Structure formats: C-alpha cells, structure tokens
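User: Could you walk me through this one, pockets and packing included? I'd like the cut-offs spelled out as we go.

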Amino acid sequence: MTRYLSHRRQHRPLIDRLLDALVGDPLVARTHRFGHGDDGHDTDGDADDVLAQFREQARDLHERVVHDHGVFAVEFLGATGGGKTTLVERLLERAPDEERIGVVVGDVAGDDDASRFRSHGVAVANVTTGKECHLDPGLLEDAIDEFDLGSLDRLYVENVGNMVCPADFPLGAQARVLVVSTTEGDDVVRKHPLLFEACDAAVVNKVDIADAVGADVATMREDVAEVAPDMPVFETNARADEGVDALADFLAEVRTSGHHHAHAHHD
C-alpha cells in the first residue's frame, strides 16, 4: 500500500518536505522502498523518488477526477501577470449554462483571483501556498475535497505564477496549457524550455501590445516549435476576448478525444 505525504506535510514548504525525506524523517524508509539502497547517501536518488511519489499522486488524482467522476480537467500555468486568470474567465463565459464548472486557484497569498472567478457563478477553491511556488497533487487533492466532484463537468486549475517548478509537478490534468505574454519578452520560451516541454499547448497573450513592448511574436512561435515541435500555439488578447475561440476549440477536441497524449507524464 502506497503511503503518501501526510496531509500536514502537504501544507509545509516543499523544501522542508524534501529535507525531511533526505535526513532522518520516517519517509526515508519509504523512499528507499522505491528501489534505492539503505546506505543513506543516495540523496539525489532520494530526491528523485520524492518527485516520483508526487507523480504517482498525480496519476491517482487523475484516476479519481477524470475516470471515477468524469470531470474534464485542465491546468493553466505561467508567470504572474501573464493573463491566466483573464483567459480562464473568457473560457467560463463561453461555457453552456448547463455545464457545471469548478475552479481551483493557486496563489501565494490573497483571494483576488478567486473572487473574480466567483463572480462568474462557478464553484471556487482558493489555495494560498505561502512559501510554495507551485501547486502539487497533494495541495490540489485537498482543494478539490471542497467540491462535490460528482456534480462537476469541468475543472480548471490555475497554478501559482511560476515558470520553473511546475515542470516537475504534474497535477493529473488532461491538458496543461502554458500561458506567456509578450510583456515577458520574446525570449521567454528560450529561458523556460522545460516547462514548455511539459505542457500540451501554449498561449501567447497580450499580442495586441507586442510592438509596444518590443516583442516579436513570430520569434516566440519559432522558439516553441524548436522546443516542443508538436505543440499548438494560440495568440490571444484575452482582455479583448480575441483569439480565445481557437483555444476553446482545442480544449473541446481534447475533451472529445479523451486524453491528450503528447506528453505522457501529465498524470
């Protein structure tokens, strides 16, 4: 029987949980059972095993949300200020009246984004992570416990604004959508290749002000094609609701076809 990180630990900073796993915490015995020796010196391997455990949690979460309850789950990632919240709002506005939607919002602090989503009349769970720079499957599982999954058709997850750590922490969603904006510079793709490789689709938002901020959208597209050749790219101005239909169509296609198999480590 798999023993997961305890509920208490899931709300502690990740670095504390990793250190616990590496130095003397009872979890060390568990990580060794994943195939490493018991000499206490294979710290790189132990860290890998901790990440493997998070991936296993993501798989179980996927099984529970997607297969057991039939909920279509989409994760949105990207830096703070890139437009994730506005983009999800535009998608909420497109939802048919009969569709039942839940949104999990990950932020370091505050409930500003959660309040915006509540104004759309959907169920919202706000996760304030404190020192954590991303959501992990344990935090997400705690959040969705606030929902009646049997009453939901769709779940949007807005991860904490971070372009590094989420690459190692899939959440079990059927599609991961990475949102970047022209205001981050047209070298943003080259600076964060791992996160692009870990996602299914990219959105370049704020294309309406690309010239004003000196960003070349064509360069960003070329960089995505270099890093993740099969990744669809959508250009949007979410504030003005431009370009969002194509993303909505893509998600509808993923939902219809079941799982998106471009990157097998999502769940």
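**Cavity, pockets and packing**

The largest cavity has a volume of about 60 Å³. (On a 1 Å grid over the protein atoms alone, a cavity is a set of points where a 1.4 Å probe fits but cannot get out, and a pocket is an open set with protein on both sides within 12 Å along at least five of seven lines; lining residues have an atom within 4 Å of a point. Grid points are joined across faces, edges and corners, and a volume is the space filled by probe spheres set on the points.) This is a predicted model, where local features need pLDDT of at least 70 and side-chain atom pairs count only at pLDDT 80 or more, while totals for chains, interfaces and linings use all residues. Residues are numbered from 1 along each chain as its sequence is written, and side-chain values use heavy atoms, with hydrogens and water left out.

User: Which helix supplies the largest share of the lining of the largest cavity?

Analyst: The lining includes Leu 61, His 62, Val 65, Leu 140 and Gly 172. Helix H4 (43-68), strand S1 (72-77) and strand S4 (154-158) each supply at least two residues; helices (H or I, at least four residues) and strands (E, at least two) are DSSP runs, numbered from the N terminus. The largest share, 3 residues, comes from H4.

User: How do the residues of the lining of the largest cavity divide into nonpolar, polar and charged?

Analyst: Ala, Val, Leu, Ile, Met, Phe, Trp, Tyr, Cys and Pro count as nonpolar, Asp, Glu, Lys and Arg as charged, and the others, Gly among them, as polar. On that scheme the cavity lining comes out at 8 nonpolar, 2 polar and 1 charged.

User: And which residues are the closest to the centre of the largest pocket?

Analyst: That pocket holds about 350 Å³ of space. Its lining splits into 2 nonpolar, 11 polar and 8 charged residues, and H5 gives the largest share of it, 3 residues. Of the 21 lining residues, the closest to the centre are Gly 81, Gly 82, Gly 83, Lys 84 and Thr 86.

User: Is Thr 86 buried or exposed?

Analyst: Thr 86 sits in helix H5 and touches Arg 116, Ala 238 and Arg 239, not counting residues up to four places away in sequence; contact means heavy atoms within 4.5 Å. The cut-offs are under 20% relative accessible area for buried, over 50% for exposed and partly exposed in between (1.4 Å probe, protein chains only). At 15% relative accessibility, Thr 86 counts as buried.

User: What is Leu 92 in contact with, leaving aside its neighbours within four places in sequence?

Analyst: Leu 92 also belongs to helix H5, and with 8% relative accessibility it counts as buried. Its C-alpha atom is separated by 9.4 Å from that of Gly 121, 29 residues apart along the chain. Setting those sequence neighbours aside, the contacts of Leu 92 are Ile 101, Val 103, Phe 117, His 120, Val 122 and Tyr 156.

User: What gives the most to the lining of the second largest pocket?

Analyst: About 190 Å³ of space lies in this pocket. Its 13 lining residues include Val 164, Ala 167, Asp 168, Leu 194 and Leu 195, which lie nearest its centre. By class the lining has 8 nonpolar, 2 polar and 3 charged residues. With 4 residues, the top contributor is H9.

User: Which residue caps the N-terminal end of H11?

Analyst: Look for a side-chain oxygen that lies 3.0 Å from the backbone nitrogen of Ala 218. The residue that carries this oxygen is Asp 216.

User: Last one: what percentage of the residues of the chain count as buried?

Analyst: The chain's secondary structure comes to 12 helices and 7 strands. Among contacts between residues at least 6 apart in sequence, 72% join residues at least 24 apart. Of the 267 residues, the share that counts as buried is 52%.

Methods
Polar contact = N/O pair within 3.5 Å; in protein donor to acceptor, adjacent residues only side chain to side chain.
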